[in-house]
Amino acid sequence: MSVLKRRLTAAFVVVGVASLVTFLQVEANHETDDQIGTEAVWNAAGDDLNEINKTCSNAQPTDYNHCFIEQMGGYASSDAVAFSQLLVAQKQPRVGYLAGMREAGLVDLGYVVYPGSAKSTQGWVLMNGIPALVNVDDLAMLPRPEMEKDPQFIALRRSHPQMQLAITSDQRSPDASPQIEPLASGGERFVIPYALQEGCDGCTPLARASFGFDFDAAGEFLRVKFIKITTAQP
């Protein structure tokens, strides 16, 4: 083999090794970027949930969350348990588990199930941004003063003084997802729907209120912004 060929071969080897290292680094970054992955999804069996609820049924409300998570460790992965612990650590603690997720760009959408003794309910969270979890079902996060200045809201409140914000099961179903809009800054906005209805179980919503959860180009949570009110069709 000539000197030239040996030098070319050596050069190709160096380039090949460098490319491989770069590829592995990119893959490693890709794998570690998402703090919450599919390993955190728990396909809970009905019997398992019944056993957990049976064990925790006598716990005080403040202890039920911790009891559920402790018992959950016997059925679910450590990642699934860590997600539930993260959910309980929010400002409005509520025990639940990740039942599914959907990649959505900078930030991912998580489908949460909140178990109950009588009936489980569905919820959404925004994951893998900064912070790692934003619970869109925490109504305390919503800027209600902005909404209450809206002319449609004022008119509805005048005729329905007991009207309040709520979340209906169809708005958080596992086969639905929020509208996602790009922001001029390079970030993205998740448009999350909420119901406006009388303060009673099973009341038909009077209208829908939409709020935008904004993230910057690095996936950092910026703000919640009131978008609009859409009146229900008669």
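Reply: Two strands count as paired if DSSP finds at least two bridges between them, and the strands themselves (E, at least two residues), like the helices (H or I, at least four), are DSSP runs numbered from the N terminus. This is a predicted model, in which local features need pLDDT of at least 70 and side-chain atom pairs count only at pLDDT 80 or more, while totals for chains, interfaces and linings use all residues. Residues are numbered from 1 along each chain as its sequence is written, and side-chain values use heavy atoms, with hydrogens and water left out.

A nonpolar core is a set of buried Ala, Val, Leu, Ile, Met, Phe, Trp, Tyr and Cys residues joined through side-chain atoms within 4.5 Å, where buried means under 20% relative accessible area (1.4 Å probe, protein chains only). The largest such core has 26 residues, and Phe-211, Phe-213 and Ile-229 are among those that touch the most other members. S8 supplies the largest share of this core, five residues. Met-147 is in contact (heavy atoms within 4.5 Å) with Ala-209, Phe-211, Phe-226 and Ile-229, among others, when residues up to four places away in sequence are not counted. A second, separate core of 16 residues includes Cys-67 and Val-81.

Note on methods: Buried < 20%, exposed > 50% of the residue type's maximum accessible area, 1.4 Å probe, protein only.
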